[in-house]
Amino acid sequence: MSDHVGYTKPLPTVTHEDREFWAAAREHRFVLPKCQACGHVWFPPYASCPACLSFDRGWTEASGRGTVWGFTIMRQPYIPTFEPELPYNVVLVELEEGPMVYSNLVGIDNDAIACGLPVEAEFEDATDEITLIKFRPV
Amino acid sequence: MSDREFAGKTAIVGIGGSDFAGLYRTPDPERTGESLATEAIAAAIADAGLEKSQIDGLITGGLPHYEPVAYRTGLTDVRFVVDYPQAGRMCAMALMHAATAVHHGLADYVVLFNSVVFRTQGTKFGAQPQGLLYDTIYGMASPGAQYSMGFTRYQAEYGGTEEQLGAIPVAIRSHARMTPGAIMQQEMTINDYLASRYIAEPLRLFDYCLVNDGAVAYVVTTAERARDLAHPPVLIAGTAGRANFREWYVDLGFWDEACRSMKADLFDPLGVTTEDIDCLQVYDNFSVSVLWGLEGFGFAPKGQGLEWVQNGRIALGGELPINTSGGMLSESYLQGWNQHAEAVRQLRGQADKRQVPDCDWSLYWCLSALPGASLLCRDGLL
C-alpha cells in the first residue's frame, strides 16, 4: 500500500532478538514473544522473558486489537524525514494481549483521536524487508 | 535510605555552581564539562569552609569519565569514587550514595557534582537512534512527546485545560526573575504561555525545560562534622527511589505508586506530613511532572492538581512555593542539582528576596524512568 521506492523515514535495526518479529510482519502477521515457561507476553522482543527471565521464548499471534492509551501530535521537526508530515500523530496503544506499543493512527483526523479509542493493526510495507505495524480505528 | 536512625545523620555542607545565565548569553566552547565541574567543585568546597585536601570521596555525574575532573581538581587522597552516567534522573541517587558513604565511614567529605554541556555540544533530546520501543520509525521523538502522551491521558481521565497547566511554568518563571544567574529573566504571563508554540501537542515550548551548559556541586559529610563548618548544616532527612522500568517512560498511573512509596519512605519514619513541607524544589523537566508529583505525594487531591496550582498557591508568597530559583524550566537544566542547591539556600536562610519564611523542610522529587526523591531540613528538627 505504500510506495516501496525511496522510503526515507527511519527503519528498525533488525537484531537477533527481533528478527522473527520483523519477518512475521513482512508476511503481514503480528506476532508477540511469549514465554514458554510462564506464559508472559512481552514487547519489544527481547530474547528472554522480563517476567521470569526464562530464555525459552516462543511466539503468539496477536489479535491486532487494542486501545489508545495516550497520544501526542508532533509539531517539532525532530526527525528530518518526518518533517513533511507535520503535524502527525503518535499513539501509545495498549494491546489486547497486554504489551504497549508506539505507532501511528491512520484513517482518522488528528483532532478526532481520543484516549480509549478501540483500534486494530494494519500493515504498511515500507521496504521489501520491513513492514510497519500501524493502527486504525475499529 | 530513610530509616529513623539514618535520618539527619548526614548533611549538605557546601554548594557551588557555574554562572548559568552568563554562559547561556555567551556560549563558550572552552568551558568544557570538566572546566565547569572544576569551577563548581571549587565553589562548593569554599562554601563549606573546607580545604581541598579534606575531600576524600568523589561522585561524578554528567561526564564520560571521572578521571579528567579528578586530575584537574588535584584530589590526592580519595577513598571512594563513583561515576554516574549522563542522565537527568540521577541527582537523588547520587545524594543517596554520598550520604550512605559518609554515614558508614567510606569517606569523610564527599564532593558530588553534575556537569553538562548540552548547549555547546548541540545535544538533541529528540531522535534517539531507535528508542526503546521502535520510537523513531513512528516519528516518536523526545521525552517531551512521552510526557505529552501522559497529559492527553491525564486530561481524558480527570479533565483540565492547557491554560490551567500554564500556571506551573508561569509561577516558576516569576521565581527565576528573582534569581541572579537564572537564565530566563523575561516576564511570562499566562497569555505568553498560551502563545508559545506547540512542540508535542498539547505541550508547548514553555512546558519544556531549558537546554544549557553548567555544573553544580555539593559537599556532603556527617551532621556531626557539619556542625563545625561554615554554614548551618542542611540535614539529609532521607532519600528514596522507586523505579518501575517500562520502555514507554511515562508511568501509566502518572507515577502515583512511585510517589506514594517514596513518600512513605521519607515521611513515615519521621512523622512528617505534607503540611510540614515549606517549599518544593522538584524536577521540572516538563510542567506536567510537577502536576503529577503534587498529586502523587498528596499535596493536591487526585485529579485536581490543575485546579490546585491556580491563584498563586505555588508562587513565592503562596501556600507552597515550587522551584523558588526557577527550576529547570527557567533557571537552568542542571537536572535536579540546581533544585537541591536552592533547597540548601532556603534552609540556610540565604535565599535573599526569595526566602521562604521559616523554611524548615524542603522536598525534591524526580518523576522519570528512575524516580527519586529527597527530603532536606534545617538542623535541630531531627
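Two strands are said to pair if DSSP finds at least two bridges between them, and helices (H or I, at least four residues) and strands (E, at least two) are themselves DSSP runs, numbered from the N terminus. In this predicted model, local features need pLDDT of at least 70 and side-chain atom pairs count only at pLDDT 80 or more, while totals for chains, interfaces and linings use all residues. Residues are numbered from 1 along each chain as its sequence is written, and chains are lettered from A and ligands numbered from 1 in the order in which they are written.

**Between the chains**

Strand β3 of chain A and strand β5 (residues 198-201) of chain B run antiparallel and are joined by 2 bridges, with Met74(A) standing opposite Ala200(B) in β5(B). Counting two residues as in contact if their C-beta atoms, placed from the backbone, lie within 7 Å, 30 residues of chain A are in contact with 28 residues of chain B. On the side of chain A that touches chain B, at least two residues each come from β3 (65-74), β4 (88-95) and β5 (100-103) of chain A, and β3(A) gives the largest share, 6 residues. That side of chain A divides by class into 21 nonpolar, 7 polar and 2 charged residues, where Ala, Val, Leu, Ile, Met, Phe, Trp, Tyr, Cys and Pro count as nonpolar, Asp, Glu, Lys and Arg as charged, and the others, Gly among them, as polar.

Thr72(A) is found in strand β3 of chain A. Leaving aside neighbours within four places in sequence, Thr72(A) is in contact with Val90(A) and with several residues of chain B, including Ala145(B), Ser148(B), Met149(B) and Ala200(B). Thr72(A) counts as buried because it has 30 C-beta neighbours inside 10 Å; a residue is buried if 20 or more other C-beta atoms lie within 10 Å of its own, exposed if 12 or fewer, and partly exposed in between.

**The two domains of chain A**

The domain assignment of chain A gives domain 1 (13-61) and domain 2 (63-138), with bounds that come from an automatic or database domain assignment. Their centres, taken over C-alpha atoms, are separated by 21 Å, and 9 residues of domain 1 of chain A are in contact with 11 residues of domain 2 of chain A. To the side of domain 1 of chain A that touches domain 2 of chain A, helix α1 (residues 19-26) of chain A gives the most, with 3 residues.

**Enclosed elements of chain B**

Strand β11 (residues 372-378) of chain B is largely enclosed by the rest of the structure, because 7 of its 7 residues are buried.

| Strand | Partner and sense | Bridges | Example of residues |
|---|---|---|---|
| β8(B), residues 234-241 | β11(B), antiparallel | 7 bridges | Leu235(B) and Cys377(B) |

β10(B) and β11(B) form a hairpin with 5 residues between them.

Helix α8 (residues 167-176) of chain B is also largely enclosed by the rest of the structure, because 10 of its 10 residues are buried. The buried residues of α8(B) pack against α7 (162-165), α9 (190-195), α12 (287-296) and α14 (327-331) of chain B.
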